[in-house]
Amino acid sequence: MKKGGGKAATVRRATRRDWEERTLKEVLARRPERLPAFTTVSGAPVERLYTFEDLEGWDPVEKLGFPGDPPYTRGVHPTMYRGRLWTMRQFAGFGSAEDTNRRFRYLLEHGQTGLSTAFDLPTLMGRDSDDPMAEGEVGREGVAIDTLADMEALFRDIPLGRVSTSMTINAPAAVLLAMYLAVAERQGVPLESLEGTLQNDILKEYIAQKEWIFPPAPSLRIITDLIAFCTARVPKWNTISISGYHIREAGSTAVQELAFTLADGIGYVQAGIDAGLEVDAFTPRLSFFFNAHNDFFEEIAKLRAARRMWAAIMRERFGAADPRAWRLRTHVQTAGCSLTAQQPHNNVVRVTLQALAAVLGGTQSLHTNALDETLALPTEDSARLALRTQQILAEESGVANTIDPLAGSYFVESLTDRMEEEAWDYIRRIDAMGGIVKAIEQGFPQREIAEASYRYQRQVDEGEKTVVGVNRYTEGDAAKIPLLRIGPEVERAQVEGLGRVRATRDAARHARALRDLQATARSRDNLMPAILGAVKAHASVGEICDALRPIFGVYREGTVPL
Amino acid sequence: MKAGEGKVRLLVGKVGLDGHDRGAKIIARALRDAGFEVIYTGLHQTPEMVVATALQEDVDGIGLSILSGAHNTIFPKITRLLREQGGADIVVFGGGIVPDEDVPGLLQAGVRAIFTPGTTTRQVIDWVMAEVKPRRRG
């Protein structure tokens, strides 16, 4: 290398300001940039260039640490994907328990490493398949589960001691967990060895997904009872998957997703402490679930900021002593709301980029959406392609070979810091309202999300934000792709099956179990044993929830902000 | 938009157990911003509830958002109830996740338009302006 004279010395001292004056100004004068301002998909500003000046005073030891060490910015495991790849966990469920059991076994045969169960809307809302409100909805968006018989069929020939199972169920989560435990008992699998995750996150239902049954107070009581039960009896079970996914799908920004999810997490930890649980005993089993949307770096920064913030929340706010309680472990799903019905094959590319962001963000497990999911539940072929996308990322792209490869990037670190600050700001506002339940009752997160969602829709409608195939590069007719159809026969068969269970079960035992459940609900005793008793007496999801409705009341949404 | 008593009144609704109200709220707000009178039902309505509200509020059009796959059950039930209860001239339109091949059946059942994913709020507003007129009242 040639020794530089005065010129090289100037280069070494150059600041961004110098560069702007000397080089940039003239170019901008000749040719302006493509847009007056650049923003993320969430509308956050993105500067032209990030340099060392953006990280002035930034301390890598404090901000990053090392993998497996607090504040976990670089990941929760010391070896990350070099030790073990993320769990490829494709969400599946449709039609009858038998249909979904076949899909589960198909995915396991193709290399999937964990199960994830999607329930249909009646099940999610705690209603039976023959409930008038369930008409037309049975088995459509997930699998229909009414009684223990359905749960047994769902996991037939799947050894529960050897798979980990995630169940996306919230308001009636305790009932579905009880059914799973009953199936495990029948398979002879000790509860202590069961591994899995229950979504069980009712707060984000009030905020975003709107699948609720009971009001917040009794809902939190059911959740803390479930946590206490699992802590003692099913210690490897992740009791809540605190979910930003649905908040984002409802139209939030990335920062709102980050902030409201962590605020929900704070709400659960506080509820557990208020219920008399020891913070270090139950919080290591809380896990998270984030969305991976289109804006690549914003998503990576979000996950890194989330880990750093949760470590601070658990250590400083709640004084947790067990490092396992400080670690934010998360599942990620690519953004369903980013998929388009137009030119559906483009979705494969979107999903690939989103999945890459999730991996570079350090996720522990991942669901990649199938290209047809904006139109219907995935077909077998599209589900396999979605899984293959993860396998290619994991085993061909090389991105899993080193830990947190974007650390130290001027942009990624600046973005991580800024998102963290903005999320703390929201959390402070929620604290000032008296916590997340109070904020929800005032409609605060709901209003913030509705605003963001409307703003984004306007930007898409005006063409300020590009959606390929929708507002740019459009083609005439939609491509025809084969879709999974759920026929009305599923509902008929499910209703008949439920009728058979009702006709053949021990009616006296069933009635006794539901009376016990109601008595427990009125007391302060833990609900889980009584729910298990009801499930084993072949009480249905709807019957169990109906037994609790008069005692706990039902949630009604206040005036909905438009 | 005509002013005064000629103003078009719309009911935007979510029927069934489906809680995905992002689209319904965006459409309700966009229609309101475009000058229509908009009533939003909130979640978890039955077809009977929607029809009762529509008649009681004397609306000219009903826009329903369904993302749960239950459209083939819910839309025809609403148009039938409207016919039975003297609301046959209320324009019913909808949006959500509706596969193309289901659209003809829904139109045949009396739904006037189905807006599928990717529709802009402008397209819905323009359609409502053209197709939904104040009903003859009294």
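Good morning. Let me begin with one pair of residues: Ser65(B) has Gly95(B) as its bridge partner in strand E4 of chain B. Please keep in mind throughout that this is a predicted model.

Strand E3, residues 61–66, runs parallel to strand E4, residues 91–96, and six bridges join them. In general, the strands of a sheet pair through backbone hydrogen bonds, in either a parallel or an antiparallel way. Here, five strands of chain B make up an open sheet with parallel pairing, and their order is E2-E1-E3-E4-E5. Which strands stand at the edges? They are E2 (37–40) and E5 (113–115) of chain B; each has a single partner strand, so one side of each has no neighbour in the sheet. On average, neighbouring strands of this sheet are turned by 20° against each other, direction ignored.

I now turn to the nonpolar cores. The largest holds 168 residues, and Met151(A) and Leu194(A) are the ones that touch the most other members. Helix H8 of chain A, residues 173–187, supplies the largest share of this core, with 12 residues. At least three residues come from each of two domains of chain A: domain 1 (57–73 + 244–278 + 292–370 + 400–462) and domain 2 (89–198 + 494–562).

What does Leu194(A) touch, if residues up to four places away in sequence are not counted? Its contacts include Leu160(A), Tyr180(A), Leu181(A), Ala184(A) and Trp237(A).

Another core lies apart from the largest one; it has 22 residues, among them Leu11(B), Ala54(B), Ile78(B) and Ile90(B). Thank you for your attention.

Notes: Residues are numbered from 1 along each chain as its sequence is written. Chains are lettered from A and ligands numbered from 1 in the order in which they are written. This is a predicted model: local features need pLDDT of at least 70, side-chain atom pairs count only at pLDDT 80 or more; totals for chains, interfaces and linings use all residues. Side-chain values use heavy atoms; hydrogens and water are left out. Two strands pair if DSSP finds at least two bridges between them. Helices (H or I, at least four residues) and strands (E, at least two) are DSSP runs, numbered from the N terminus. Axes are lines fitted to C-alpha atoms, for helices over the stretch in contact, and angles run from 0 to 180 degrees between N-to-C directions. A nonpolar core is a set of buried Ala, Val, Leu, Ile, Met, Phe, Trp, Tyr and Cys residues joined through side-chain atoms within 4.5 Å. Buried means under 20% relative accessible area, exposed over 50%, partly exposed in between (1.4 Å probe, protein chains only). Domain bounds come from an automatic or database domain assignment. Contact means heavy atoms within 4.5 Å.
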